[in-house]
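Subject: Structure for your files

Dear colleague,

Please find the structure below, with the sequence. Notes on what was found in it follow.

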Amino acid sequence: MRQHNNLIKNFVNNKDMADVVFLVGKEQTRFYGHKLILSITSLMFKGMFFTCQWKEISHNKEDEITKIRIPDVDPKVFLAVLSYCYQQKPKITLDMVFDLYKIADKYLIEKLKKVC
Amino acid sequence: MSWENISIPVKILKPPKELEKPQVDRLWGLIRDAVEEIHQMNASSLSFEEIYWTCYSLVIGGKGDLLYERLIQIIGQHATKQADMISKISDEYFLVILNAKWQQFKLQHLMMQDIFMYLDQFYAKKKQKSPVFQLSMQQWREKVLLQENIKDRLLKMLLGLIHMERNSEVIDRVLMKSLIQMYLEVSNKELDFYTTEFEEKFLLTSARFYHVESQDFISSNTCGTYLKKVSLRLKEESFRVAHYLSKSTGPKLLKACEDENLKEHAKTLLSMESGCLEMIKRNKSDDLKLFYELFTRIEGGQDSIIEVLVDFVKAQGESVVKEETIKEKDPSDLISNVIGLRDRCEILLKKSFGNSPVLAKSINDACVYFINLNDRLPEYLCSYLDRKLRMAFKGMSEEETNLAMVRVLQIVRFLKNKDVFKKFYEHFLAKRLLSGRAISEELERLMISKIKQACGQQFTSKMEGMFLDMKLSNETIDGFKNYLSTSGSLEKLPSVDVNVRVLTQGFWPTLPAQKALLGEVLNSYCNIFTEYYLSAHNGRKLLWQYNIGTAEIQAQIGSRKYILVMSTYQLLALLLFNSTEKLSFKTILQSTQIPAYDLMRALQAMSLGKIKILKKSSRGKEINDDDIFTINRKFRSKLRRVKILAVLKSETEPERNRTREKIDEDRRLLIDAAIVRTMKARKVLMHNDLIIEVTKQLNSRFTPKTSLIKMRIENLIDRDYLERFENERRKYKYKA
């Protein structure tokens with residue numbers, strides 16, 4: 001399990017095989033993600049990726065990566081959420097705990113919410 | 001981490017502010033537009049992120065109520081619009097369009113379920129309201145499926161299609177599946193829409209359909225054809241369930257079909273001319289198999305088959321074991337028929353009734369019934385086996401022999417009075433062993449081992465004892481011959497090849513020891529043997545049984561020499577003719593002192609059978625005291641070795657009665673033992689309890705008659721083993 005965790009850690013914000021990119025915050029910082037893994041942890045992501053009907057996905061040309069804008073979140077906090085989705089182990093610092101809680105709530109990541 | 005930063009969280013922790021009206025209106029406007037787009041199938045113009053965020057904002061802004069209520073409203077409006085449209089469609093396209101619209105509606109509301117996920121999670125769940133998707137299903141159910149122009153039409157058309165399919169027309173099963181699935185999908189725990197609106201009505205139509213069909217079909221077809229059709233129909237219905245109905249409908253549907261097709265007509269099917277009984281009679285195992293398979297599906301079906309089967313086996317058995325079926329005193333046919341019937345049952349059980357343990361038991365019970373109808377059957381069994389064993393199961397392979405034995409033993413297992421079988425078997429075995437003829441020891445031992453398996457070790461102990469005696473006798477006789485040649489006693493006597501069988505009393509069926517005058521030579525041999533045997537086995541007592549001995553002699557009759565094989569009695573009679581020409585029966589009787597009946601049999605065999613060594617003065621079969629016997633000088637035979645063993649060939653009436661008497665005596669002893677054993681253990685017992693206990697103990701050997709047990713109790717009271725209580729006459733006490 002630990003080995004597995006170490007292996008999957010390498011995929012956090014890794015462009016390899018990524019099928020979604022998030023443009024986060026005012027600076028539109030790019031974060032790469034994998035739909036399948038995100039859907040496992042977050043109900044919201046699951047809903048978003050489940051049908052291919054939405055604007056984010058359906059307007060894609062073939063092979064083009066899905067782009068999702070998230071203007072209202074601090075990139076630092078987003079990265080914490082992202083790595084939680086992959087490793088299920090939260091790295092929480094006190095300065096971001098409330099922001100993290102808010103996102104966990106919005107994105108329907110129950111466990112992370114509880115940890116906060 | 002620095003603790004100075006602690007001021008930041010406090011700011012964020014404040015509960016989110018309730019939204020102001022203008023803001024709510026703006027956000028709701030976004031949602032309403034988005035739902036409209038979805039209903040227009042324009043979702044691709046919408047950003048999931050945005051709508052999700054809008055919904056999220058409304059919920060955390062405390063407007064979950066408002067959002068939820070208004071959503072119900074617009075979904076309802078949409079559903080109503082769909083219903084209006086669908087209801088106007090002509091019958092031809094009605095189902096197709098309805099299905100297309102339904103599929104669309106479902107997809108739209110699956111998407112809505114995703115965007116309103118936050119509402120489901122943090123509003124509906126908390127307030128224990130249905131999630132958004134269930135709301136949608138409810139709206140479809142109420143606004144579309146219950147619409148007056150849709151509800152009955154839909155049901156009628158679906159049932160119509162199924163009716164068509166039952167009449168072998170091809171229908172669109174995919175469409176059926178999708179529409180019937182729709183009933184299921186709009187159902188929920190509280191409201192089983194599928195069952196109430198579809199299934200119940202479908203089951204009713206199905207029952208009505210088969211009610212009509214089965215009445216019609218049974219009146220114009222044989223049972224076999226009818227059942228094949230029913231079986232096919234049941235298969236079709238199972239496929240129907242698999243293709244487009246709910247799994248839960250399966251058992252109900254099949255039950256409805258079975259009730260109409262089978263239960264309704266059960267009586268007819270069992271008793272009709274081509275029905276169950278007829279199938280059994282004609283050994284139609286395939287038809288019967290189908291009959292059984294179908295009937296076990298209905299309540300009480302198996303029992304009714306058992307009833308027919310058991311009645312048949314009993315009736316058939318009764319006619320098979322009737323004494324009248326015995327021709328020329330040969331009971332082999334009777335036994336063959338019993339085995340045949342049992343075999344037939346076995347085959348039916350295997351081929352038609354799937355080796356059902358319940359049916360096997362019923363068949364066995366029926367066999368027990370008819371096999372025990374004829375009191376002499378155990379005896380016939382033994383005589384049947386005797387024939388087979390004497391011929392060493394001629395013409396049968398090892399496997400067939402084995403099977404034949406197993407079959408006989410199946411019958412033995414059914415005997416209530418196994419003790420009768422035992423006695424007669426011992427009786428016949430003794431005869432076979434002592435007849436002096438070659439027997440197959442291997443087969444005899446195999447048979448005994450099988451009896452042992454069926455009836456237990458104790459049952460065969462005497463039989464095994466007999467074999468042991470035979471073996472010991474061989475050793476003894478070898479020793480004796482050695483003794484003769486070394487002791488020199490031979491010189492004084494003419495050489496006779498003496499063979500003595502020493503039989504342990506108790507193992508062998510007792511025959512009354514009868515005296516007879518042996519004549520000088522034989523007497524000397526007997527004396528020498530007695531002397532020899534007692535010197536080796538001190539304290540024993542030898543009783544000679546001349547009546548079952550055999551002899552081989554060389555005789556010259558006319559010009560030819562023959563070897564004659566005969567019984568000892570015959571020999572004794574014949575030896576007299578060495579010195580005299582003519583002898584009357586009376587004289588022979590006096591000179592040999594053989595019991596009159598036995599002597600008569602012996603002389604009959606020599607003077608009336610095929611081989612006439614002696615001539616009798618009078619005609620007819622009877623022998624009178626004054627009849628004169630002479631040697632038949634004209635005797636001729638192609639064979640050099642001539643057997644005159646008629647006496648031993650068939651079971652004689654006195655012998656049979658003797659065996660019967662012996663059985664009765666044994667039973668009395670066994671009952672006595674059982675009574676004493678029981679009373680010794682229990683000390684005090686009521687009459688009825690004692691009877692029950694004794695019967696139970698003896699049941700493996702025979703079924704004791706109550707009257708006999710009563711008699712034995714009386715007898716034991718007379719002999720002071722038991723006594724009655726003075727004040728309670730039906731209570732016994734054991735007297736130590």
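In chain B, β3 pairs with β5 (residues 628-631) in the antiparallel sense, over 3 bridges. Within this pairing, Ser584(B) is placed opposite Ile628(B) of β5(B). Please keep in mind that the model is predicted.

The two strands belong to an open sheet of 3 strands in chain B, ordered β3-β5-β4, with antiparallel pairing. The edges are taken by β3 (582-584) and β4 (614-616) of chain B; each has a single partner strand, so one side of each lacks a neighbour in the sheet. From one strand to the next, the twist averages 30°. Helix α26 of chain B (residues 585-592) packs on this sheet and touches β3 and β5 of chain B. The direction of α26(B) makes about 85° with that of β3(B).

Read from the N terminus, the order of elements in chain A is α-β-β-α-α-α-β-α-α-α. Chain A has 116 residues, and 47% of them are buried. Taking the contacts in chain A between residues at least 6 apart in sequence, 53% link residues that are at least 24 apart.

Regards

Definitions and conventions: Residues are numbered from 1 along each chain as its sequence is written. Chains are lettered from A and ligands numbered from 1 in the order in which they are written. This is a predicted model: local features need pLDDT of at least 70, side-chain atom pairs count only at pLDDT 80 or more; totals for chains, interfaces and linings use all residues. Side-chain values use heavy atoms; hydrogens and water are left out. Two strands pair if DSSP finds at least two bridges between them. Helices (H or I, at least four residues) and strands (E, at least two) are DSSP runs, numbered from the N terminus. Axes are lines fitted to C-alpha atoms, for helices over the stretch in contact, and angles run from 0 to 180 degrees between N-to-C directions. Contact means heavy atoms within 4.5 Å. Buried means under 20% relative accessible area, exposed over 50%, partly exposed in between (1.4 Å probe, protein chains only).
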